[in-house]
Amino acid sequence: MAFSVQNVDLIQERLVCIASQCTVEIDLQENFHVLQKLGNGGYGSVLMVQDKKTDQKMALKVLNKNKTTEFAFLMEFSMSFFLSFHPNIIGTYGIAFKTCDHFAFPLELAMGDLSSFITPHNGLPEDTVKRCAVQLSSALEFIDSKGLVHLDIKPRNILVFDKDCHCIKIRDFGLSCVKGSMMKKRFGTISYMAPEMTQLPDMDALRVDYALDVWALGIVLYRLLTGDLPWQSAVSTDNGYCSFVEWQKFESVGPPSPWSRFPRGVLKMFSGLLAIDCNKRSKSTDVLTFLGECWK
């Protein structure tokens, strides 16, 4: 589906309008016991809380009003709630809060994020990685089908609900955009950014597309398999990335280290997910065709 600027603006307005109707003013301390801090970021934090009325434990994302706008908060909440019906996207309760100093909304509680399960230089067992690939590819296809792009897919934004990753869920839609939006600055985490974003000239704009999330999925799967990142940034000054680009251009040449560790089938999968030309990048669900291959 082609998205015009008018379509994007209309979708954003509708999302914010719906979210604003679910927002109530409360005193957080009167309504919740704060049990511990689960995470901290530039715009706020995630707390483990217990509802004083129901005793239910949940995660509460709390954003500082001095660091974010109400529009940005409502966009994040509405996207998270809108997508939370997928089994591999974090559950978001249908209510948001405002206080004097903060915006907040509650989420289902997980046992941790995927980054804490990865063994450096070794990664995760092959069967576990394949389970993650199936779930993540399904979630990204769903996000795309709703006309949205996550823009910050990485292990820290993937929550784990059991130690063998039978259930994982994508979280944090703070950077997410409506597909077709134009961006003039880089969003996300540099090591997981596609080259069309890392190499975006200062005066140019990039149309947000599903291919950005597909690239990030490729980097995530590489890290899950190896415990490491293939490069620090997809730019011409990064030797690891440049070696990969050369191999992609001249396929008659064998894959460079560290790609030579992978069997032929999984190399083909990575070539699709990490196609340098975003127009030739595969879909996230293409990973399903490689489940019968050996990945390690």
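The side chain of Lys154 makes a polar contact with the side chain of Thr189 at 2.8 Å; a polar contact here is a pair of N or O atoms within 3.5 Å, where within protein one must be able to donate a hydrogen and the other to accept it, and residues adjacent in sequence count only if both atoms are side-chain atoms. This is a predicted model, in which local features need pLDDT of at least 70 and side-chain atom pairs count only at pLDDT 80 or more, while totals for chains, interfaces and linings use all residues. Residues are numbered from 1 along each chain as its sequence is written, and side-chain values use heavy atoms, with hydrogens and water left out.

**Around Lys154**

- Lys154 sits in the loop between β8 (148-149) and β9 (158-160); helices (H or I, at least four residues) and strands (E, at least two) are DSSP runs, numbered from the N terminus.
- With a relative accessibility of 16%, Lys154 counts as buried, given that buried means under 20% relative accessible area, exposed over 50% and partly exposed in between (1.4 Å probe, protein chains only).
- Setting aside neighbours within four places in sequence, Lys154 is in contact with Thr189, Tyr192 and Val220, where contact means heavy atoms within 4.5 Å.

**How α4 meets α6**

- Two packed helices are described by the angle between their axes and the distance between the axes.
- For helix α4 (residues 126-145) and helix α6 (residues 210-226), the angle is about 170 degrees and the axes are 11 Å apart; axes are lines fitted to C-alpha atoms, for helices over the stretch in contact, and angles run from 0 to 180 degrees between N-to-C directions.
- α4 and α6 are therefore roughly antiparallel to each other, as angles over 145 degrees count as roughly antiparallel, under 35 as roughly parallel, 65 to 115 as roughly perpendicular and the rest as oblique.
- On the α4 side, the contact is made by Val129, Cys132, Ala133, Leu136, Leu140, Glu141 and Asp144; α6 brings Tyr210, Asp213, Leu217, Val220, Leu221, Leu224 and Leu225.
- These residues divide into 11 nonpolar, no polar and 3 charged; Ala, Val, Leu, Ile, Met, Phe, Trp, Tyr, Cys and Pro count as nonpolar, Asp, Glu, Lys and Arg as charged, and the others, Gly among them, as polar.

**Salt bridges**

- The count comes to 9 salt bridges, each a side-chain nitrogen of Lys or Arg within 4 Å of a carboxyl oxygen of Asp or Glu.
- Glu70 and Lys98 pair at 3.4 Å, N to O, in a salt bridge. Glu70 lies in helix α3 (residues 70-83) and Lys98 in strand β5 (residues 96-98), so this pair ties together parts that are 28 residues apart in sequence.
- Glu108 and Lys169 form a salt bridge at 2.8 Å, N to O. Glu108 is in the loop between β6 (102-107) and β7 (112-113) and Lys169 in strand β10 (residues 168-170), 61 residues apart.
- Glu196 and Arg281 meet in a salt bridge at 2.9 Å, N to O. They link helix α5 (residues 195-198) with the segment after α8 (264-273), 85 residues apart, and both Glu196 and Arg281 are buried.
- Lys61, Glu76 and Asp172 are linked in a network of salt bridges.

**Helix α8**

- α8 is mostly covered, with 8 of its 10 residues buried: Gly265, Val266, Leu267, Met269, Phe270, Ser271, Gly272 and Leu273.
- The buried residues of α8 pack against α6 and α7 (239-249).
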